[in-house]
Amino acid sequence: MIKINEHYLKLQDSYLFANIAKRVNAFQEQNPDKAIIRLGIGDVTRALPSACIDAFHIAVDEMAQDSTFRGYGPEQGYDFLREKIALHDFQNRGADISPDEIFVSDGAKCDTGNLQEIFAADARVAIPDPVYPVYLDTNVMAGRTGAYSKGRYEGVTYLDCTADHQYLPQLPDEPADLIYLCFPNNPTGATITKSQLSDWVAYAQDHKALILYDAAYEAFIRDDELPRSIYEVEGARDVAIEFRSFSKTAGFTGTRCAYTVVPKTCRAYTSSAQATEVHPLWNRRHTTKFNSVAYPVQRAAEAVYSPQGQEEIKTLIDGYLKNAAYIRESIQQLGLHCVGGENSPYIWIDGNRDSWEFFDLLLNSAGVVCTPGAGFGKCGQGHIRISAFNSYENVQQAMERIEHVLR
Ligand code: PLP
């Protein structure tokens with residue numbers, strides 16, 4: 001008799017985006033002439049940079065000739081891409097990361113979801129609330145949690161991110177082995193300073209814990225004082241794994257390319273408390289279950305690091321940041337408290353009311369779609385997330401409509 005992995009039965013159905021779509025469709029049916037403005041889902045709206053498109057075309061043409069055709073590539077990614085990543089994203093910023101510590105993949109979603117596989121089933125996980133749901137659900141699937149009760153899974157150390165601490169997680173007061181951090185944060189848009197991040201690195205060192213640092217929104221950081229990588233903190237190489245993605249950096253959400261950094265000095269422990277390198281474990285997992293990213297996609301990602309590519313992604317992100325600043329200022333002028341929107345595409349708004357009620361008000365009275373904070377965890381209740389991924393004109397119009405409703 002084939003039995004199922006019963007941990008899957010504990011999972012809560014993610015009704016969030018389905019529920020949003022249902023309400024939006026109902027509104028559109030009742031108001032066929034109303035143009036809805038979508039500031040909900042965190043997907044980019046602008047085309048790939050032309051440097052990436054040109055590199056893509058050239059690589060596709062290479063695939064059309066026997067003499068330049070490529071079959072399976074190295075599972076960890078081609079050297080041409082790993083070398084550019086190590087140099088531009090780390091070494092040039094004083095972070096000591098080498099190309100063979102980089103694992104190219106088809107997404108930070110898969111990597112942040114899969115990485116927990118190499119750790120013990122009884123590892124104690126600490127996860128922020130509100131959170132990008134992948135971290136939590138993949139640990140539920142792996143059996144690291146108990147049942148779901150009153151909005152939370154038993155056995156998880158939740159790191160509440162509330163207005164009391166500018167929506168930043170605080171160090172846990174119970175021991176944690178695997179700690180998820182995400183900065184700039186989805187959904188709150190909050191950022192962390194180097195000194196605050198150093199506290200987490202020190203915690204991990206003291207408790208022999210490991211940090212999984214999701215920096216998918218790193219490219220939105222414009223404040224030079226903020227760390228772009230956890231490896232800018234001394235000692236982080238030994239206790240942290242970092243995730244990056246070309247999705248938001250260069251508009252690759254539909255093209256798929258990301259990478260994970262596993263430093264060779266990073267350690268975890270056997271049941272007899274013997275220190276073991278994590279790099280060979282992830283290398284084994286990655287090469288066993290993953291067969292590399294398409295060659296033309298890796299060439300397109302490489303083009304991000306060309307002078308033209310750098311210029312183009314700066315323009316791209318400047319556009320989204322201009323939207324974010326506009327949203328943030330409009331919300332503040334309405335007297336509502338918010339975080340994010342600076343160094344981040346997300347604005348997290350305290351609505352002083354139920355988050356679905358706030359969502360419905362903006363949809364039904366302004367025709368604007370946001371994301372209710374309750375969908376990201378218990379601490380998200382009372383909040384909504386507005387995303388800057390749209391045109392400036394649409395953002396201006398959406399904020400005008402919201403002002404009209406809330407004034
Ligand atoms: N990490 C965070 C925090 C995200 O918000 C997202 C996507 O929205 C991802 C990872 C997924 O990135 P990718 O497109 O590389 O899978």
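1. Of the 14 residues around the ligand, those that come nearest are N186, D214, Y217, S245 and S247, where a residue is near a molecule if one of its heavy atoms lies within 4 Å of it. By class, the shell around the ligand holds six nonpolar, four polar and four charged residues; here Ala, Val, Leu, Ile, Met, Phe, Trp, Tyr, Cys and Pro count as nonpolar, Asp, Glu, Lys and Arg as charged, and the others, Gly among them, as polar.

2. This is a predicted model, in which local features need pLDDT of at least 70 and side-chain atom pairs count only at pLDDT 80 or more, while totals for chains, interfaces and linings use all residues. Residues are numbered from 1 along each chain as its sequence is written, and side-chain values use heavy atoms, with hydrogens and water left out.

3. Oxygen atoms of the ligand take part in polar contacts (pairs of N or O atoms within 3.5 Å): an N or O atom in the side chain of Y217 is 2.6 Å from a ligand oxygen, a polar side-chain atom of S245 also lies 2.6 Å from one, and a backbone N or O atom of A108 lies 2.8 Å from one. Of the 400 Å² of accessible area that the ligand has on its own, the protein covers 90%, as computed by the Shrake-Rupley method with a 1.4 Å probe.

4. Two elements give two or more residues to the shell around the ligand, namely α4 (108-114) and α7 (246-250); helices are DSSP runs of H or I with at least four residues, strands are runs of E with at least two, and both are numbered from the N terminus.

5. Two cis peptide bonds deserve a check against the model. One joins D129 and P130, with omega about 5 degrees, and P130 is placed in the loop between β3 (125-129) and α5. Another joins F183 and P184, with omega about -15 degrees, and P184 is placed in the loop between β7 (178-182) and α6 (194-207).

6. Positive phi values occur at two residues other than glycine. Y167 has phi near 65 degrees and lies in the loop between β6 (157-160) and β7, where Y167 counts as buried at 3% relative accessibility. A273 has phi of about 65 degrees and is found in the loop between β11 (267-269) and β12 (275-277), but A273 counts as exposed because its relative accessibility is 59%; buried means under 20%, exposed over 50% and partly exposed in between (1.4 Å probe, protein chains only).

Technical notes:
A polar contact is a pair of N or O atoms within 3.5 Å; within protein, one must be able to donate a hydrogen and the other to accept it, and residues adjacent in sequence count only if both atoms are side-chain atoms.
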